[in-house]
Amino acid sequence: MNRLLYEFTESVRIAWTQIRANKMRSVLTALGVIIGIVAVTLMGTAIRGIDTGFQNSLAMLGEDVLYIEKWPWGPVEDWWNYNNRPRIRPEYAERINRVIAGTPNSLLQIAVPVLTRGCSVKVGDAKVSGVFTIGTLAEYARLISADYKEGRLFNEAEAGSGRQVVALGHDVAEALFPGRSAVGETVMVNGQPFEVVGVFAKQGEFLGLFSFDNQAVLPLTAFQKYFAGRQDASIRVKVTDKLRLAEAREELTGAMRRVRGQLPGERDNFSVNEQAAFKAQLDPVKQGIAMAGLFITGLSLFVGAIGIMNITFVSVKERTKEIGTRKALGARRRTILLQFLIEAVSICLIGGVVGLLLTYGLVAGVGAVFPSFPIVFSFSLVFVGLAVSVATGIVSGFAPAWGAARLDPVVALRYE
Amino acid sequence: MSPAPSTSAAPRATRAPGATVIEIDGVTKLYKMGAETVHALRGVSLNVRRNEYLAIMGPSGSGKSTLMNMLGCLDTPTSGRYFFGGKNVSTMTDDELADIRNREIGFVFQTFNLLPRSTALANVELPLVYAGLGSTARREKAGLTLANVGLGDRMGHKPNELSGGQRQRVAIARALVNNPSILLADEPTGNLDSRTGEEIMQLLEELYAQGNTIIVVTHEEDIARHARRIVRLRDGLIESDVSQA
């Protein structure tokens, strides 16, 4: 046991002497590993960042909100069955709320109708197109966890009286009223005047598809009067306990069937959606991106590993006579094996440490320049990076080291 | 450089040989060189006892190198038997042979074979590393052995900072450090000028006087003359085996 320890420390000493004696060669070989480690760890951070982005986006949908809609989230094959479903009317929300009120210990809190479309918002010559415009009730405020930069959402009285008021997303307000307050100003939404009563705080993008900061929320009555045809509504229902989402979903399905007057045995002619469905959709995509990304960057690490293998073969060849001498002095096979493996692993570890430092710098730099870019450097990454380096060294150093260990001492001693 | 105190003036003493260390019985060795088979050894029997000073001589191609490799447990015979200290070496595995070489045999090479980037002390410590000795014990033992060959003041020097004779002394210290049963020297003066070579032979003489068993493989009569017994090989067979005063 002691002998193995002394052989180990001796091998580490030799490895460092060799690396220092062949600086240029070691640096070039380590460079291959550095590039590989940087590529793999950067991809790792990016994947993790995408993951975090997904989760943040899903959280925006609300973990405790169910969506009654005509179409399910996710692909359907028999689309014609869904297409023939009756329209989802905004009035259902009120009727569901009556059912909730009549249910003791209901798991549902409140249902709010939401209509959406894209509009342009104008102030004088300033114009923002494609604003995600939402028509809803004052209770919408209870669904979302948004903060306000200034003002508030319209209240029940304003909504009920059909007043033309609007709460703007952060970016919309910023574009129309750069550097000044928007509250009290009048904006033209698709040509209709609306008074700004509030501006949302910055929220961020949803999966990079659309921005919550690029929205305008206005009363349902006004929305229906000016913008809505016979479009389908989305009824958003907040649950009391997000841990009992499945039960809440059952209850909501029953409530909606009562509202719709569906007979027992009839298939639901609506869909109850939740963010988990999105997750189920996104997970395979996410994994696909991760696999492809890691495979491609893994190739660069593989090239680095070939470099290590090559240099270890050269090192064994150069030191054949030394191997013979060591064997004559009593080195066993495992001693020689260990010596060259440690040499290969040392170069890989140096490459790994330098690579991780570079990755750390790059991530910090990217984070400073693009604060919204979702990449995170974590300490598990350091651990994984070093483990990958060591594994690379062992895998690529093994063949040449094994060859050295099996050398015939007579042949090795005669080698010039 | 100060050579160790010389004993050349004193009349040559022959120590009484002790127990048998090496027992070789009808050993042959075949090499396949392409389609040809080379009979390097054709049936050699030889006994070496403790405290012997033996020279193995012969022209190139006589099988002298093969016999040396065999004696040094670097190689195993094709047929015949080889006992080292009563243990059958012919059937040992690579690692068992490595352990025998580590504990029982001290090698001295014509080209010194020192590790170029290690100090004299580190070179001498090497067999002790393989023997599993701790670093303090190693340093102490290696230091003493280096002092014994007259290099107590050169321990921190690397081989390229030493003269040829000093390098060979380091190599001899390395061979002796683990108290082997035999010291096996292959043309130990082959890369040295005659004066330095003579100093090395004086050192071997002293080591013999201290009780070491020495086998020198050489083709030079002048070197062989130092030994007390000369074994001559020709065409893979022992031609003569003569003890001399």
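Q: Which class does A:D268 fall into by its relative accessibility, buried or partly exposed?
A: This is a predicted model, in which local features need pLDDT of at least 70 and side-chain atom pairs count only at pLDDT 80 or more, while totals for chains, interfaces and linings use all residues. Residues are numbered from 1 along each chain as its sequence is written, chains are lettered from A and ligands numbered from 1 in the order in which they are written, and side-chain values use heavy atoms, with hydrogens and water left out. Buried means under 20% relative accessible area, exposed means over 50%, and partly exposed lies in between (1.4 Å probe, protein chains only). At 32% relative accessibility, A:D268 therefore counts as partly exposed.

Q: Which residue forms a salt bridge with A:D268?
A: A salt bridge is a side-chain nitrogen of Lys or Arg within 4 Å of a carboxyl oxygen of Asp or Glu. For A:D268 the closest N and O atoms of the pair are 2.5 Å apart, and the partner is A:R257.

Q: How many residues apart in sequence are the parts that A:R257 and A:D268 tie together?
A: Helices (H or I, at least four residues) and strands (E, at least two) are DSSP runs, numbered from the N terminus. A:R257 lies in helix 9 of chain A, and A:D268 in the loop between helix 9 and strand 12 of chain A, so the separation in sequence is 11 residues.

Q: Which residue of chain B is in the salt-bridge network with A:R3 and A:E7?
A: Over all chains, the structure holds 37 salt bridges. One network links A:R3, A:E7, A:R332 and A:R334 with a residue of chain B, B:D99.

Q: At what angle do helix 1 and helix 12 of chain A pack?
A: Axes are lines fitted to C-alpha atoms, for helices over the stretch in contact, and angles run from 0 to 180 degrees between N-to-C directions. Angles under 35 degrees count as roughly parallel, over 145 as roughly antiparallel, 65 to 115 as roughly perpendicular and the rest as oblique. Helix 1 (residues 2-21) and helix 12 (residues 333-369) of chain A have axes 8 Å apart and an angle of about 50 degrees. That angle makes the pair oblique.

Q: How many of the residues in helix 11 of chain A are buried?
A: Helix 11 (residues 320-328) of chain A is mostly covered. Its buried residues include A:T320, A:G324 and A:A328, and A:E322 is buried with a relative accessible area of 15%. The count is 9 of 9.

Q: Which residue of chain B does A:E322 touch?
A: Contact means heavy atoms within 4.5 Å. Not counting residues up to four places away in sequence, A:E322 touches A:Q339 and, in chain B, B:L115.

Q: How far apart in space are A:A401 and A:R333, C-alpha to C-alpha?
A: A:A401 lies in helix 13 (residues 379-405) of chain A and counts as buried at 0% relative accessibility. A:A401 and A:R333 are 68 residues apart in sequence, and their C-alpha distance is 9.7 Å.
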